[in-house]
Amino acid sequence: MPSLQKTSAPQDRSQTVIPTHRDKVAAAGSELIGGPYGRRAVAGTGQLTPVRVIALVAIGMYALGMVQKLPCYNWAWFRGTTSQYTHACYSDIPHLFAGRGFADGLVPYFDRLGGDIPFLEYPVLTGLFMEVAAWLTPGGDMTQREQSYWLVNAGLLMVCAAVLAVCVARTHRLRPWDGLLVALAPSVALTATINWDILAVALTAAAVLMWSRSRPLAFGILLGLATAAKFYPILLLCPLLLLCWRAGKWRAYGTAVLGAAGAWLVVNLPVMLLAPEGWKQFYLFSRDRNVDFGSIWLLISQRTGDVITPGRANLYALLLMAAAVAGLAFLAFTAPRRPRFVQLAFLIVAAFVLTNKVYSPQYVLWLVPLAALARPRWRDFLVWQACEVMYFVGVWMYLAFTTSGNKQGLPVDGYQFAIVLHLLGTLYLCAMVVRDILAPEKDPVRQDGADDPSGGVLDGAEDVVVAGRAAHPARHAAPAVEEGRRVRWGTTDDPAYPWGAPD
(Lines give C-alpha, C1' and ligand atoms only; values in the text may rest on other atoms or scores of the structure.)
Protein backbone atom coordinates (compact mmCIF):
# COMPACT_ATOMS: atom_id res chain seq x y z
CA MET A 1 0.00 0.00 0.00
CA PRO A 2 1.38 3.49 -0.79
CA SER A 3 2.67 5.31 2.27
CA LEU A 4 0.84 8.45 3.32
CA GLN A 5 4.08 10.38 3.44
CA LYS A 6 4.28 10.01 -0.32
CA THR A 7 1.30 12.32 -0.66
CA SER A 8 3.22 15.34 0.60
CA ALA A 9 5.11 17.58 -1.74
CA PRO A 10 8.90 17.36 -1.93
CA GLN A 11 10.78 19.24 0.73
CA ASP A 12 12.91 22.23 -0.21
CA ARG A 13 16.31 20.74 0.58
CA SER A 14 18.14 24.06 0.34
CA GLN A 15 16.35 25.81 3.20
CA THR A 16 17.86 25.44 6.68
CA VAL A 17 15.29 25.68 9.45
CA ILE A 18 15.92 28.65 11.75
CA PRO A 19 14.41 28.01 15.23
CA THR A 20 13.84 31.70 15.95
CA HIS A 21 11.54 31.84 12.91
CA ARG A 22 9.48 28.82 13.98
CA ASP A 23 9.62 28.66 17.78
CA LYS A 24 8.27 31.42 20.01
CA VAL A 25 10.39 30.39 23.00
CA ALA A 26 13.54 30.25 20.88
CA ALA A 27 12.73 33.69 19.47
CA ALA A 28 12.19 35.13 22.94
CA GLY A 29 15.40 33.58 24.25
CA SER A 30 17.38 34.93 21.30
CA GLU A 31 16.81 38.46 22.63
CA LEU A 32 19.71 37.77 25.00
CA ILE A 33 22.07 37.66 22.02
CA GLY A 34 20.53 40.30 19.78
CA GLY A 35 17.19 38.89 18.71
CA PRO A 36 15.93 36.44 16.08
CA TYR A 37 17.99 35.50 13.06
CA GLY A 38 17.57 38.35 10.54
CA ARG A 39 16.66 38.19 6.89
CA ARG A 40 20.02 39.71 5.92
CA ALA A 41 22.05 37.06 7.73
CA VAL A 42 23.89 34.47 5.66
CA ALA A 43 24.05 30.96 7.16
CA GLY A 44 27.00 28.61 6.96
CA THR A 45 29.64 31.16 5.97
CA GLY A 46 32.93 31.89 7.67
CA GLN A 47 34.23 29.84 10.58
CA LEU A 48 31.16 29.83 12.84
CA THR A 49 28.90 27.33 11.10
CA PRO A 50 25.93 26.03 13.12
CA VAL A 51 27.70 22.76 13.98
CA ARG A 52 30.82 24.55 15.20
CA VAL A 53 28.78 26.97 17.27
CA ILE A 54 26.91 24.08 18.86
CA ALA A 55 30.16 22.22 19.62
CA LEU A 56 31.62 25.32 21.30
CA VAL A 57 28.44 25.89 23.32
CA ALA A 58 28.44 22.24 24.41
CA ILE A 59 32.04 22.48 25.59
CA GLY A 60 31.28 25.74 27.39
CA MET A 61 28.27 24.27 29.20
CA TYR A 62 30.27 21.18 30.08
CA ALA A 63 32.99 23.38 31.56
CA LEU A 64 30.37 25.15 33.67
CA GLY A 65 29.28 21.74 34.92
CA MET A 66 32.87 21.04 35.95
CA VAL A 67 32.98 24.35 37.81
CA GLN A 68 29.81 23.33 39.64
CA LYS A 69 31.76 20.32 40.99
CA LEU A 70 34.57 22.49 42.44
CA PRO A 71 33.41 22.32 46.09
CA CYS A 72 33.60 18.54 45.91
CA TYR A 73 36.84 18.53 43.95
CA ASN A 74 38.51 20.79 46.51
CA TRP A 75 37.34 19.05 49.68
CA ALA A 76 33.78 17.64 49.92
CA TRP A 77 34.58 14.27 48.29
CA PHE A 78 37.24 13.63 50.90
CA ARG A 79 35.90 15.11 54.18
CA GLY A 80 32.75 13.35 55.25
CA THR A 81 29.77 12.36 53.15
CA THR A 82 27.12 15.03 53.73
CA SER A 83 28.97 17.99 52.19
CA GLN A 84 29.07 16.45 48.70
CA TYR A 85 25.28 16.22 48.87
CA THR A 86 24.57 19.66 50.28
CA HIS A 87 26.70 21.13 47.48
CA ALA A 88 24.98 18.85 44.91
CA CYS A 89 28.34 17.92 43.41
CA TYR A 90 28.57 14.18 44.03
CA SER A 91 30.36 11.95 41.49
CA ASP A 92 31.00 8.21 41.41
CA ILE A 93 34.28 8.70 39.57
CA PRO A 94 36.70 9.63 42.41
CA HIS A 95 35.12 7.16 44.84
CA LEU A 96 35.39 4.22 42.46
CA PHE A 97 39.05 4.93 41.73
CA ALA A 98 39.94 3.31 45.05
CA GLY A 99 36.72 1.37 45.57
CA ARG A 100 37.10 -0.69 42.37
CA GLY A 101 40.84 -1.30 42.58
CA PHE A 102 42.12 1.17 39.99
CA ALA A 103 44.28 2.89 42.60
CA ASP A 104 45.93 -0.46 43.39
CA GLY A 105 46.54 -1.40 39.76
CA LEU A 106 43.98 -4.23 39.73
CA VAL A 107 42.79 -5.37 36.30
CA PRO A 108 39.01 -5.02 35.83
CA TYR A 109 37.10 -8.32 35.52
CA PHE A 110 40.24 -10.39 36.14
CA ASP A 111 41.25 -9.35 39.65
CA ARG A 112 38.84 -9.96 42.51
CA LEU A 113 37.80 -7.03 44.69
CA GLY A 114 37.11 -7.00 48.39
CA GLY A 115 33.63 -6.28 49.72
CA ASP A 116 30.15 -7.23 48.54
CA ILE A 117 30.90 -6.72 44.82
CA PRO A 118 33.67 -9.14 43.80
CA PHE A 119 34.33 -7.69 40.33
CA LEU A 120 33.78 -4.43 38.49
CA GLU A 121 30.02 -4.08 37.85
CA TYR A 122 30.21 -2.08 34.61
CA PRO A 123 30.00 -3.27 30.98
CA VAL A 124 33.30 -4.08 29.31
CA LEU A 125 33.77 -0.96 27.17
CA THR A 126 33.07 1.31 30.15
CA GLY A 127 35.51 -0.74 32.20
CA LEU A 128 38.15 -0.24 29.51
CA PHE A 129 37.45 3.50 29.52
CA MET A 130 37.90 3.57 33.32
CA GLU A 131 41.13 1.60 33.06
CA VAL A 132 42.61 3.87 30.38
CA ALA A 133 41.81 6.89 32.57
CA ALA A 134 43.62 5.16 35.46
CA TRP A 135 46.69 4.66 33.26
CA LEU A 136 46.70 8.40 32.53
CA THR A 137 46.35 9.38 36.19
CA PRO A 138 49.62 10.67 37.73
CA GLY A 139 50.92 9.64 41.14
CA GLY A 140 50.73 11.40 44.50
CA ASP A 141 48.81 10.85 47.70
CA MET A 142 45.38 9.26 47.46
CA THR A 143 43.48 12.57 47.48
CA GLN A 144 45.60 13.98 44.67
CA ARG A 145 45.22 10.79 42.65
CA GLU A 146 41.45 10.79 43.06
CA GLN A 147 41.32 14.43 41.98
CA SER A 148 43.52 13.65 38.99
CA TYR A 149 41.44 10.60 38.08
CA TRP A 150 38.28 12.72 38.04
CA LEU A 151 40.03 15.38 35.91
CA VAL A 152 41.29 12.81 33.39
CA ASN A 153 37.85 11.26 33.11
CA ALA A 154 36.21 14.68 32.86
CA GLY A 155 38.55 15.60 29.99
CA LEU A 156 37.80 12.38 28.11
CA LEU A 157 34.07 12.70 28.75
CA MET A 158 34.19 16.29 27.45
CA VAL A 159 35.17 14.86 24.08
CA CYS A 160 32.13 12.59 24.30
CA ALA A 161 29.91 15.60 25.09
CA ALA A 162 31.20 17.49 22.04
CA VAL A 163 30.73 14.42 19.81
CA LEU A 164 27.19 14.04 21.16
CA ALA A 165 26.22 17.62 20.34
CA VAL A 166 27.79 17.48 16.86
CA CYS A 167 26.06 14.20 15.99
CA VAL A 168 22.67 15.55 17.01
CA ALA A 169 23.27 18.76 15.04
CA ARG A 170 24.13 16.78 11.90
CA THR A 171 21.40 14.13 12.09
CA HIS A 172 18.64 16.30 10.59
CA ARG A 173 20.40 17.99 7.69
CA LEU A 174 18.08 21.00 7.54
CA ARG A 175 17.72 21.38 11.32
CA PRO A 176 21.28 21.71 12.68
CA TRP A 177 20.19 24.17 15.35
CA ASP A 178 18.22 21.42 17.11
CA GLY A 179 21.61 20.38 18.45
CA LEU A 180 21.55 23.53 20.56
CA LEU A 181 18.93 21.84 22.74
CA VAL A 182 21.54 19.27 23.70
CA ALA A 183 24.38 21.78 24.01
CA LEU A 184 22.41 24.04 26.37
CA ALA A 185 20.63 21.30 28.33
CA PRO A 186 21.30 22.02 32.02
CA SER A 187 20.92 18.33 32.88
CA VAL A 188 23.89 17.48 30.66
CA ALA A 189 26.13 20.02 32.38
CA LEU A 190 25.03 18.84 35.82
CA THR A 191 25.18 15.07 35.32
CA ALA A 192 27.85 14.43 32.66
CA THR A 193 30.61 13.79 35.22
CA ILE A 194 28.58 11.83 37.78
CA ASN A 195 29.31 8.57 35.97
CA TRP A 196 30.44 7.33 32.56
CA ASP A 197 27.03 7.23 30.85
CA ILE A 198 27.85 9.95 28.31
CA LEU A 199 30.28 7.56 26.58
CA ALA A 200 27.40 5.28 25.59
CA VAL A 201 25.18 8.28 24.84
CA ALA A 202 27.73 9.74 22.40
CA LEU A 203 28.15 6.38 20.64
CA THR A 204 24.37 6.04 20.37
CA ALA A 205 24.06 9.54 18.89
CA ALA A 206 26.77 8.66 16.37
CA ALA A 207 24.86 5.49 15.49
CA VAL A 208 21.65 7.45 14.89
CA LEU A 209 23.61 9.83 12.66
CA MET A 210 24.90 6.90 10.60
CA TRP A 211 21.39 5.50 10.22
CA SER A 212 20.17 8.90 9.02
CA ARG A 213 22.85 8.72 6.32
CA SER A 214 21.57 5.30 5.14
CA ARG A 215 24.62 3.47 6.51
CA PRO A 216 23.10 0.55 8.42
CA LEU A 217 26.38 -1.32 8.94
CA ALA A 218 28.06 1.70 10.53
CA PHE A 219 24.92 2.22 12.60
CA GLY A 220 25.05 -1.37 13.82
CA ILE A 221 28.75 -1.24 14.70
CA LEU A 222 28.35 1.97 16.71
CA LEU A 223 25.22 0.69 18.41
CA GLY A 224 27.03 -2.52 19.34
CA LEU A 225 29.87 -0.49 20.85
CA ALA A 226 27.35 1.66 22.73
CA THR A 227 25.71 -1.49 24.10
CA ALA A 228 29.14 -2.70 25.21
CA ALA A 229 29.33 0.50 27.29
CA LYS A 230 25.74 0.54 28.62
CA PHE A 231 22.79 -1.79 28.15
CA TYR A 232 20.09 0.65 27.00
CA PRO A 233 21.26 1.34 23.39
CA ILE A 234 20.25 -2.17 22.29
CA LEU A 235 16.64 -1.08 22.83
CA LEU A 236 16.81 1.01 19.65
CA LEU A 237 16.71 -2.17 17.58
CA CYS A 238 13.11 -2.76 18.71
CA PRO A 239 11.52 0.38 17.17
CA LEU A 240 13.79 -0.03 14.16
CA LEU A 241 12.41 -3.54 13.67
CA LEU A 242 8.84 -2.22 13.71
CA LEU A 243 9.57 0.58 11.25
CA CYS A 244 11.57 -1.62 8.87
CA TRP A 245 8.74 -4.15 9.04
CA ARG A 246 6.21 -1.50 8.05
CA ALA A 247 8.45 -0.31 5.22
CA GLY A 248 9.75 -3.73 4.19
CA LYS A 249 13.42 -2.73 4.71
CA TRP A 250 14.60 -6.10 5.96
CA ARG A 251 18.03 -6.04 4.35
CA ALA A 252 19.00 -2.78 6.04
CA TYR A 253 17.70 -4.03 9.37
CA GLY A 254 19.53 -7.34 9.08
CA THR A 255 22.77 -5.50 8.27
CA ALA A 256 22.30 -3.30 11.34
CA VAL A 257 21.66 -6.29 13.63
CA LEU A 258 24.70 -8.18 12.33
CA GLY A 259 26.88 -5.09 12.74
CA ALA A 260 25.66 -4.56 16.31
CA ALA A 261 26.16 -8.20 17.28
CA GLY A 262 29.62 -8.31 15.72
CA ALA A 263 30.85 -5.12 17.40
CA TRP A 264 29.46 -6.21 20.77
CA LEU A 265 31.16 -9.59 20.49
CA VAL A 266 34.51 -8.11 19.49
CA VAL A 267 34.55 -6.10 22.71
CA ASN A 268 33.00 -8.68 25.04
CA LEU A 269 34.23 -12.06 23.78
CA PRO A 270 37.85 -11.82 25.06
CA VAL A 271 36.69 -10.96 28.59
CA MET A 272 33.81 -13.43 28.37
CA LEU A 273 36.24 -16.28 27.60
CA LEU A 274 39.20 -15.29 29.78
CA ALA A 275 37.37 -13.90 32.82
CA PRO A 276 33.80 -15.25 32.75
CA GLU A 277 33.09 -14.54 36.43
CA GLY A 278 34.16 -10.93 36.11
CA TRP A 279 32.29 -10.49 32.84
CA LYS A 280 29.03 -11.72 34.40
CA GLN A 281 29.20 -9.25 37.28
CA PHE A 282 27.40 -6.44 35.43
CA TYR A 283 24.45 -8.69 34.60
CA LEU A 284 24.30 -10.23 38.08
CA PHE A 285 24.46 -6.80 39.66
CA SER A 286 21.68 -5.51 37.41
CA ARG A 287 19.49 -8.51 38.24
CA ASP A 288 20.07 -8.47 42.00
CA ARG A 289 20.16 -4.72 42.55
CA ASN A 290 17.60 -3.43 45.04
CA VAL A 291 14.98 -0.83 44.20
CA ASP A 292 16.90 2.44 44.23
CA PHE A 293 16.74 6.21 43.89
CA GLY A 294 14.41 7.96 41.49
CA SER A 295 12.30 4.95 40.52
CA ILE A 296 8.56 4.50 40.70
CA TRP A 297 9.20 1.33 42.73
CA LEU A 298 11.05 3.27 45.44
CA LEU A 299 8.16 5.73 45.59
CA ILE A 300 5.61 2.91 45.95
CA SER A 301 7.75 1.15 48.53
CA GLN A 302 8.16 4.26 50.65
CA ARG A 303 4.50 5.22 50.44
CA THR A 304 3.13 1.76 51.24
CA GLY A 305 5.84 0.50 53.57
CA ASP A 306 6.01 -2.69 51.49
CA VAL A 307 9.53 -3.73 50.56
CA ILE A 308 9.68 -4.59 46.86
CA THR A 309 12.28 -7.30 46.36
CA PRO A 310 14.59 -7.26 43.31
CA GLY A 311 12.78 -10.28 41.86
CA ARG A 312 9.38 -8.63 42.10
CA ALA A 313 10.70 -5.36 40.70
CA ASN A 314 12.30 -7.21 37.78
CA LEU A 315 9.02 -8.97 37.01
CA TYR A 316 6.94 -5.79 37.22
CA ALA A 317 9.41 -3.89 35.05
CA LEU A 318 9.46 -6.70 32.48
CA LEU A 319 5.67 -6.78 32.29
CA LEU A 320 5.44 -3.00 31.92
CA MET A 321 8.14 -3.00 29.23
CA ALA A 322 6.23 -5.71 27.36
CA ALA A 323 3.13 -3.50 27.50
CA ALA A 324 5.19 -0.53 26.29
CA VAL A 325 6.54 -2.53 23.33
CA ALA A 326 2.99 -3.59 22.46
CA GLY A 327 1.90 0.05 22.53
CA LEU A 328 4.90 0.97 20.39
CA ALA A 329 3.94 -1.69 17.85
CA PHE A 330 0.40 -0.36 17.75
CA LEU A 331 1.73 3.15 17.03
CA ALA A 332 4.20 1.89 14.45
CA PHE A 333 1.61 0.07 12.35
CA THR A 334 -1.53 2.19 12.82
CA ALA A 335 -0.23 5.78 12.82
CA PRO A 336 -1.49 7.77 9.81
CA ARG A 337 2.12 8.27 8.73
CA ARG A 338 4.95 5.98 9.65
CA PRO A 339 6.47 7.39 12.88
CA ARG A 340 9.92 8.88 12.68
CA PHE A 341 12.70 6.62 13.94
CA VAL A 342 13.83 8.93 16.74
CA GLN A 343 10.25 9.33 17.98
CA LEU A 344 9.92 5.62 18.69
CA ALA A 345 13.52 5.44 19.92
CA PHE A 346 12.81 8.15 22.50
CA LEU A 347 9.61 6.42 23.62
CA ILE A 348 11.20 3.03 24.20
CA VAL A 349 14.16 4.43 26.14
CA ALA A 350 11.79 6.59 28.18
CA ALA A 351 9.67 3.51 28.93
CA PHE A 352 12.81 1.70 30.09
CA VAL A 353 13.90 4.41 32.53
CA LEU A 354 10.36 4.94 33.82
CA THR A 355 9.90 1.24 34.62
CA ASN A 356 13.45 0.49 35.77
CA LYS A 357 14.40 -0.33 39.37
CA VAL A 358 16.53 2.80 39.47
CA TYR A 359 16.30 6.17 37.72
CA SER A 360 19.65 7.74 38.59
CA PRO A 361 20.13 11.48 37.90
CA GLN A 362 22.56 10.77 35.04
CA TYR A 363 20.05 8.56 33.21
CA VAL A 364 18.53 11.74 31.82
CA LEU A 365 21.55 11.78 29.49
CA TRP A 366 20.11 8.76 27.68
CA LEU A 367 17.03 10.75 26.74
CA VAL A 368 18.43 14.22 25.93
CA PRO A 369 19.64 13.61 22.33
CA LEU A 370 16.59 11.54 21.43
CA ALA A 371 14.27 14.15 22.93
CA ALA A 372 15.96 16.94 20.96
CA LEU A 373 15.40 15.02 17.72
CA ALA A 374 11.96 13.63 18.53
CA ARG A 375 10.33 16.84 19.77
CA PRO A 376 12.48 19.88 18.88
CA ARG A 377 10.28 22.44 20.63
CA TRP A 378 12.01 24.63 23.20
CA ARG A 379 8.93 24.97 25.42
CA ASP A 380 8.45 21.25 25.92
CA PHE A 381 12.16 20.54 26.21
CA LEU A 382 12.62 23.22 28.87
CA VAL A 383 9.59 22.07 30.87
CA TRP A 384 11.10 18.59 30.99
CA GLN A 385 14.57 19.93 31.82
CA ALA A 386 13.17 22.03 34.66
CA CYS A 387 11.66 18.89 36.19
CA GLU A 388 14.98 17.06 35.86
CA VAL A 389 16.98 19.89 37.41
CA MET A 390 14.60 20.01 40.37
CA TYR A 391 14.99 16.28 40.81
CA PHE A 392 18.79 16.64 40.57
CA VAL A 393 18.72 19.04 43.50
CA GLY A 394 16.09 16.99 45.35
CA VAL A 395 17.96 13.68 45.34
CA TRP A 396 21.13 15.23 46.78
CA MET A 397 19.19 17.15 49.41
CA TYR A 398 17.41 13.94 50.38
CA LEU A 399 20.74 12.13 50.73
CA ALA A 400 21.98 15.04 52.84
CA PHE A 401 18.92 14.62 55.05
CA THR A 402 19.50 10.88 55.51
CA THR A 403 23.26 11.15 56.17
CA SER A 404 23.44 14.25 58.38
CA GLY A 405 23.01 14.09 62.12
CA ASN A 406 21.06 17.35 62.28
CA LYS A 407 18.74 16.26 59.44
CA GLN A 408 19.54 19.14 57.11
CA GLY A 409 18.20 18.75 53.61
CA LEU A 410 14.99 17.40 52.10
CA PRO A 411 12.79 15.01 54.12
CA VAL A 412 11.15 11.91 52.67
CA ASP A 413 7.91 13.62 51.61
CA GLY A 414 9.83 16.31 49.75
CA TYR A 415 11.94 13.72 47.97
CA GLN A 416 8.86 11.77 46.96
CA PHE A 417 7.47 14.93 45.41
CA ALA A 418 10.74 15.34 43.48
CA ILE A 419 10.42 11.75 42.16
CA VAL A 420 6.85 12.39 41.02
CA LEU A 421 7.94 15.62 39.36
CA HIS A 422 10.69 14.11 37.24
CA LEU A 423 8.56 11.08 36.32
CA LEU A 424 5.74 13.41 35.24
CA GLY A 425 8.20 15.56 33.27
CA THR A 426 9.32 12.52 31.27
CA LEU A 427 5.72 11.36 30.79
CA TYR A 428 4.76 14.84 29.56
CA LEU A 429 7.41 14.74 26.85
CA CYS A 430 6.32 11.20 25.93
CA ALA A 431 2.74 12.42 25.57
CA MET A 432 3.83 15.22 23.23
CA VAL A 433 5.77 12.78 21.05
CA VAL A 434 2.82 10.38 20.89
CA ARG A 435 0.57 13.28 19.91
CA ASP A 436 2.96 14.17 17.08
CA ILE A 437 2.82 10.57 15.86
CA LEU A 438 -0.96 10.47 15.87
CA ALA A 439 -1.29 13.97 14.39
CA PRO A 440 1.72 14.38 12.05
CA GLU A 441 0.69 17.94 11.15
CA LYS A 442 1.72 18.93 14.70
CA ASP A 443 5.18 17.41 14.40
CA PRO A 444 7.69 20.32 14.19
CA VAL A 445 9.94 18.33 11.85
CA ARG A 446 7.16 17.35 9.46
CA GLN A 447 5.61 20.80 9.31
CA ASP A 448 8.34 21.62 6.78
CA GLY A 449 7.25 18.82 4.47
CA ALA A 450 9.90 16.33 5.62
CA ASP A 451 9.14 12.67 6.16
CA ASP A 452 11.83 11.17 8.41
CA PRO A 453 15.18 12.97 8.12
CA SER A 454 16.73 10.61 10.70
CA GLY A 455 15.19 7.56 9.03
CA GLY A 456 17.85 6.84 6.42
CA VAL A 457 16.44 4.12 4.16
CA LEU A 458 13.03 4.71 5.76
CA ASP A 459 12.88 8.35 4.68
CA GLY A 460 10.22 8.60 1.98
CA ALA A 461 9.85 4.82 1.66
CA GLU A 462 6.49 3.30 0.84
CA ASP A 463 4.64 1.22 3.43
CA VAL A 464 4.33 -2.53 3.01
CA VAL A 465 2.53 -3.52 6.23
CA VAL A 466 -0.05 -1.25 7.88
CA ALA A 467 -3.09 -1.75 10.09
CA GLY A 468 -6.03 0.11 11.54
CA ARG A 469 -6.64 3.63 10.31
CA ALA A 470 -3.32 3.63 8.48
CA ALA A 471 -4.78 0.95 6.19
CA HIS A 472 -8.04 2.91 5.81
CA PRO A 473 -7.05 6.60 6.05
CA ALA A 474 -9.76 9.08 6.91
CA ARG A 475 -10.79 11.76 4.45
CA HIS A 476 -8.80 14.41 6.33
CA ALA A 477 -5.61 12.43 5.62
CA ALA A 478 -5.76 13.42 1.95
CA PRO A 479 -2.65 14.81 0.23
CA ALA A 480 -1.36 18.06 1.62
CA VAL A 481 -1.66 21.13 -0.58
CA GLU A 482 1.43 22.84 -1.87
CA GLU A 483 1.34 26.58 -1.23
CA GLY A 484 4.36 28.37 -2.58
CA ARG A 485 7.57 26.73 -1.50
CA ARG A 486 6.29 25.06 1.66
CA VAL A 487 3.98 22.13 2.36
CA ARG A 488 1.14 23.28 4.60
CA TRP A 489 0.07 20.90 7.35
CA GLY A 490 -2.84 22.95 8.62
CA THR A 491 -0.65 26.02 9.19
CA THR A 492 -1.59 29.55 8.28
CA ASP A 493 -0.05 32.56 6.62
CA ASP A 494 -1.85 34.86 9.05
CA PRO A 495 0.70 37.37 10.44
CA ALA A 496 -0.70 36.58 13.89
CA TYR A 497 1.15 33.25 13.66
CA PRO A 498 4.75 34.11 12.67
CA TRP A 499 5.92 30.73 13.96
CA GLY A 500 3.24 28.66 12.21
CA ALA A 501 0.00 27.34 13.56
CA PRO A 502 -0.18 26.97 17.35
CA ASP A 503 0.27 23.44 18.68
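1. Start with the salt bridge between Arg 303 and Asp 413: the side chains meet at 3.7 Å, N to O. Arg 303 sits in helix 16 (residues 296-304) and Asp 413 in helix 21 (residues 412-438), so this pair ties together parts that are 110 residues apart in sequence. Arg 303 and Asp 413 are both exposed. Keep in mind while reading that this is a predicted model.

2. Now set that against Arg 338 and Asp 463, whose side chains form a salt bridge at 2.4 Å, N to O. Arg 338 belongs to the loop between helix 17 and helix 18, while Asp 463 belongs to the loop between helix 21 and strand 1 (481-483), so the bridge ties together parts that are 125 residues apart in sequence. Here Arg 338 is buried, and Asp 463 is buried too. As for networks, salt bridges with shared partners join Arg 375, Arg 379, Asp 380, Arg 435 and Asp 436 into one.

3. One further pair to look at is Arg 312 with Asp 306, which meet in a salt bridge of 3.2 Å, N to O. Buried or exposed? Over the whole structure, the search turns up 18 salt bridges.

4. On to the cysteines. The count comes to 1 disulfide, formed by Cys 72 and Cys 89 with their sulfur atoms 1.9 Å apart. This link is right-handed, with 75° about the S-S bond. Cys 72 is in helix 4 (residues 70-76) and Cys 89 in the loop between helix 5 (82-86) and helix 6 (92-99), so to speak distant parts of the chain, 17 residues apart. Cys 72 counts as buried because its relative accessibility is 0%, and Cys 89 is buried with a relative accessible area of 0%. Two other cysteines to check are Cys 167, buried at 8%, and Cys 387, buried at 11%.

5. Ser 83 lies in helix 5. Leaving aside residues up to four places away in sequence, Ser 83 touches Trp 75 and Ala 76. Its relative accessible area is 19%, and because the cut-off for buried is under 20%, Ser 83 counts as buried.

6. How much of helix 19 (residues 364-374) is buried? The count is 11 of its 11 residues, so helix 19 is largely enclosed by the rest of the structure. Among the buried residues are Trp 366, Pro 369 and Ala 374.

7. Helix 13 (residues 237-247) has 8 of its 11 residues buried, so it too is largely enclosed by the rest of the structure. The buried residues include Pro 239, Cys 244 and Arg 246. What do the buried residues of helix 13 pack against? Their partners are helix 11 (197-212), helix 12 (216-229), helix 14 (250-274), helix 17 (310-334) and helix 18 (341-355). Just after helix 13, Gly 248 takes a positive phi of about 70°.

8. The UniProt record (an unreviewed entry) lists "transmembrane region" for residues 149-169, 181-211, 217-245, 252-275, 315-334, 341-361, 381-402 and 414-434. I looked at two of these spans in the model. Residues 414-434 are 100% helix and 0% strand, with the end C-alpha atoms 30 Å apart. Residues 341-361 come out at 71% helix and 0% strand, and their end C-alpha atoms lie 26 Å apart.

9. Val 107 comes from the loop between helix 6 and helix 7 (124-135) and is partly exposed, with a relative accessible area of 37%.

10. Finally, the overall picture. The chain has 21 helices and 2 strands, and 55% of its 503 residues count as buried. Taking contacts between residues at least 6 apart in sequence, 74% join residues at least 24 apart. The accessible surface comes to about 21100 Å², with 65% of it belonging to carbon and sulfur atoms.

Definitions and conventions: Residues numbered from 1 in each chain as written. Predicted model: local features only at pLDDT ≥ 70, side-chain atom pairs only at ≥ 80, totals over all residues. Heavy atoms only, no water. Disulfide = S-S within 2.5 Å. Helix = DSSP H or I, 4+ residues; strand = E, 2+ residues; numbered from the N terminus. Buried < 20%, exposed > 50% of the residue type's maximum accessible area, 1.4 Å probe, protein only. UniProt positions renumbered as here; feature names shortened; annotations may be inferred. Contact = heavy atoms within 4.5 Å. Areas by Shrake-Rupley, 256 points an atom, 1.4 Å probe, with all protein chains shown as cover. Salt bridge = Lys/Arg side-chain N within 4 Å of Asp/Glu carboxyl O.
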